[in-house]
Amino acid sequence: MIETMLALSTAHLREETCNDWLHRAPFAVFEKGAYGWFVSISEDDPADPPADLAECIAQARGLGCDWLMFDRDADTLTILPTHDW
C-alpha cells in the first residue's frame with residue numbers, strides 16, 4: 001500500500017490548534033518530533049475542526065492525499081493563510 005502526504009509549514013496552523021486541538025483530535029494525529037505533526041485525512045470530515053486545520057485538510061483532500069505533515073521547516077503555500085506565532 002502506498003499513501004500520499006502533503007507537507008505544509010506549521011505556520012498554516014494557529015498556536016491554539018497545535019498546542020490544544022491536535023492533542024485531543026478525534027482522528028489519528030502523531031507528533032513529529034518537537035516541531036510538527038502527522039495528521040490523517042479521513043473520508044469523513046472531523047467534527048468541528050478549527051478553521052485553519054479545516055483549510056489544510058481540504059487542500060490535502062483536494063490533492064488526493066491520505067496524510068498531512070506539518071513541519072516548521074516546510075514551505076508555506078500562498079493559497080493558505082499563515083499565522084505568526
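Let me start with a definition. Helices are DSSP runs of H or I with at least four residues, strands are DSSP runs of E with at least two, and the numbering goes from the N terminus. With that in hand, take Phe-27. Phe-27 sits in the loop between α1, residues 15–19, and β2. We will come back to this residue at the end. One caution before we go on: this is a predicted model.

The sheet comes next. Four strands make up an open sheet. What is the strand order? It reads β1-β4-β3-β2, and the pairing is mixed. Which strands stand at the edges? They are β1, residues 5–9, and β2, residues 29–31. Each has a single partner strand, so one side of each is left without a neighbour in the sheet. On average, neighbouring strands of this sheet are turned by 20° against each other, ignoring direction.

A quick reminder: strands of a sheet pair through backbone hydrogen bonds, in either a parallel or an antiparallel way. Now go through the pairs here.

Begin with β1 and β4. These two run parallel, and five bridges join them. In that pairing, Ser-9 stands opposite Asp-71 of β4.

Next, β3 and β4. β3 covers residues 36–40, and β4 covers residues 67–71. They pair in the antiparallel sense over five bridges.

Last pair, β2 and β3. This one is antiparallel too, over three bridges. Glu-31 stands opposite Trp-37 in β3. The two strands form a hairpin, with four residues between them. Look at Gly-33 in that turn: its phi is positive, about 60°.

How enclosed are β3 and β4? In β4, four of the five residues are buried, so the strand is largely enclosed by the rest of the structure. For β3, too, four of the five residues are buried, so β3 is largely enclosed by the rest of the structure.

What packs on the sheet? Helix α2 does, residues 51–62, touching β1 and β4. The direction of α2 makes about 130° with that of β4.

Now zoom in on Trp-37. Trp-37 is in strand β3. Buried or exposed? The cut-off for buried is under 20% relative accessible area. Trp-37 has 9% relative accessibility, so this residue counts as buried. What does Trp-37 touch, leaving aside residues up to four places away in sequence? Thr-10, Cys-18 and Leu-22 are on the list.

The largest pocket has a volume of about 210 Å³. It is lined by 13 residues. Which are the closest to its centre? Thr-10, Tyr-35, Trp-37, Arg-72 and Trp-85. So Trp-37 and Arg-72 turn up again, now as lining residues that are among the closest to the pocket centre, by definition with an atom within 4 Å of a grid point. By type, the lining splits into five nonpolar, five polar and three charged residues.

Then the cavities. How many are there of 30 Å³ or more? The count comes to one. The largest cavity holds about 30 Å³ of space. Its lining consists of Phe-27, Ser-40, Ile-41, Ser-42, Asp-44, Pro-46, Ile-57 and Arg-61. Four of these are nonpolar, two polar and two charged.

That brings us back to Phe-27. Its relative accessible area is 16%, so Phe-27 is buried. Beyond residues up to four places away in sequence, Phe-27 touches Trp-21, Val-39, Ser-40, Pro-46, Leu-53 and Ile-57. Of the lining residues, Ser-40, Pro-46 and Ile-57 are among these contacts. Phe-27 and Glu-55 are 28 residues apart in sequence, and 16 Å apart C-alpha to C-alpha.

For contrast, Ile-79. This residue lies in the segment after β4. Its relative accessible area is 58%, so Ile-79 is exposed. Ile-79 and Ala-58 are 21 residues apart in sequence, and 12 Å apart in space, C-alpha to C-alpha.

That is the tour. Questions, please.

Conventions. Residues are numbered from 1 along each chain as its sequence is written. This is a predicted model: local features need pLDDT of at least 70, side-chain atom pairs count only at pLDDT 80 or more; totals for chains, interfaces and linings use all residues. Side-chain values use heavy atoms; hydrogens and water are left out. On a 1 Å grid over the protein atoms alone, a cavity is a set of points where a 1.4 Å probe fits but cannot get out, and a pocket is an open set with protein on both sides within 12 Å along at least five of seven lines; lining residues have an atom within 4 Å of a point. Grid points are joined across faces, edges and corners, and a volume is the space filled by probe spheres set on the points. Ala, Val, Leu, Ile, Met, Phe, Trp, Tyr, Cys and Pro count as nonpolar, Asp, Glu, Lys and Arg as charged, and the others, Gly among them, as polar. Two strands pair if DSSP finds at least two bridges between them. Axes are lines fitted to C-alpha atoms, for helices over the stretch in contact, and angles run from 0 to 180 degrees between N-to-C directions. Contact means heavy atoms within 4.5 Å. Buried means under 20% relative accessible area, exposed over 50%, partly exposed in between (1.4 Å probe, protein chains only).
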